[in-house]
Amino acid sequence: MRRIDRILYNGKIVTLNSAQPHASALAIAAGRIIALGDDAAIRSLADADTVVENVGGRQILPGLTDAHIHFELTAQSLHEVDVFEVPDKQTAVERVGKHVQGIPAGQWVTGHGWFQDLWQGSSFPTAGDIDAVAPHHAIFLTAKSKHAAWVNSLALQLAGIDRTTPDPEGGQIVRDAQGNPTGMLLETAIGLVSRHIPVLTLEQRADQFEVMQARALAFGLTGVHDFDEPSALRAFQMMRERGTLGLRVVKQVNKQWINAALDTGLRTGFGDDWIRIGGLKLFADGALGPHTAAMIEPYDGEPTNFGIITLEKEEMIELISRASANGLPSTVHAIGDRAVHDVLDAFEVVRREEQERGEHASIRRHRIEHVQVIHPADIPRLAELNIIASMQPIHATSDMQSADRYWGARARWSYNPRVQLDQGVVVALGSDAPVEPFDPLTGIHAAVTRQRADGAPGESGWYPDARLTVDEAVRGYTIGPAYAAGMEDRLGRLAPGYLADLIVLDRDIYTIQPSAILEARVEATMVGGEWRYGGV
């Protein structure tokens, strides 16, 4: 056995390894776990140079991975005007007015997180609301869902948007009765304005990423699956060049960059254990917040609104097929039940093609992102097609009132990883930050309780049959993402030969009251055998 670099002992280790579910000590060498066992056996492996650390009886879990995060957008949001889930429109307006003070006129100001369903009347805001406090700054505020943007008149002017501007394919410029833009942009129409916002330099973006990484590590994240643009990949690589990268990154390739990726011969898994390529990312529809998620039946109370299809099924099949034939799986955003159905149809076609090539389904680890509401007839299909369900438990507690209001009885089948686990589907959990907070313990709490922090909607939670056990939720942040990344042989568990990625908690989340999970704190985070946050 090689020389041991570090030993942790006197811990309550949950390994997620069925061959050795629990241990009190583990040994690490060259960034990997070498052995686990009782204190005496593992401590006997130490020599004079081994760092031996007493965990003090605290719980150790495998490092947690956020399987769906927009790292660049979240990092950027830490430096923007904060309008996240403000209780009313006036609060958002006041925060914009305060934020622009001292910023030279003519500059762009961005923000994120408003959600009109929290406001009285649930109506969309307008450009005029912001003009009153910031007439000389271009204001761009994305909705919590990221599928709508609220801009002021100067932003519309700088983008050249007026009553004659046509709606882009897959998007909508919301207009008043006279046909004038109101300042609300939906889906692809957001890009009409966002492309005019000055971009950061690579160094500035990497600086923001380092601030974001510090917060992620403090929350117990040791890895992320990122869904932002290639600029995020460049920033991660800059961090690695600087020697500051401390998270494991799986980078998805968005639709507009697929030709470049295929032309260079990139295949899933290209890279190493720190930065690797995932798959093709597509959008099939919008989101519940702006009522653009594509539905089989119309929204309750909106008999003509079926949402927005942002990618026709034929094109989806062509893209997924071409990516698969060239070594890339696909991961498709689908929130409404119509979108989920269409994506499953597309994957069914491509799975047949893969079978004809003699490829086992596990070779192309296709995913559906969100699976936010599914038609009962489609429930078995993810398992039948071996499709990963990438879901975000905190969406359920955040959106439950809107789901009940606009989807009615269909809400029973929404935000429901339980139904997929029961079918034998691999479930990978995440946050969709900055849409939701990226603290994974918050996500675990939501998955286990189906309650908000204040206990709403009651003791049993929202659709309590959808609740997960703590162990299932933890596996959703560990084993699920590891499998989705093709790294299940070295990540997601604490076992000999696995990467030494782990966290230390201040309490045992398996035994405390589920409501108390929100009070649990990460005291230390280790990635690759090094403490990246805290320590023992």
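1. Which residues does Met316 touch, not counting residues up to four places away in sequence? Met316 touches Leu282, Ala284, Leu311, Val332, Asp342, Val343 and Ala346, where contact means heavy atoms within 4.5 Å.

2. On provenance, this is a predicted model, in which local features need pLDDT of at least 70 and side-chain atom pairs count only at pLDDT 80 or more, while totals for chains, interfaces and linings use all residues. Residues are numbered from 1 along each chain as its sequence is written, and side-chain values use heavy atoms, with hydrogens and water left out.

3. Met316 is also, together with Phe236, Ile368, Leu382 and Ile509, among the residues that touch the most other members of the largest nonpolar core, which has 80 residues; such a core is a set of buried Ala, Val, Leu, Ile, Met, Phe, Trp, Tyr and Cys residues joined through side-chain atoms within 4.5 Å, buried being under 20% relative accessible area with a 1.4 Å probe and protein chains only. Helix α11 (residues 337-356) supplies the largest share of this core, seven residues, helices being DSSP runs of H or I with at least four residues and strands runs of E with at least two, numbered from the N terminus. Another core, of 20 residues, lies apart from it and includes Val86 and Val174.

4. Gln59, in strand β7 (residues 59-62), is buried at a relative accessible area of 2%. Its side chain makes a polar contact of 2.7 Å with the side chain of Asp508, a polar contact being a pair of N or O atoms within 3.5 Å, of which, within protein, one must be able to donate a hydrogen and the other to accept it, with residues adjacent in sequence counting only if both atoms are side-chain atoms. A polar atom of the Gln59 side chain also lies 3.1 Å from the backbone nitrogen of Ile509.

Methods: Buried means under 20% relative accessible area, exposed over 50%, partly exposed in between (1.4 Å probe, protein chains only).
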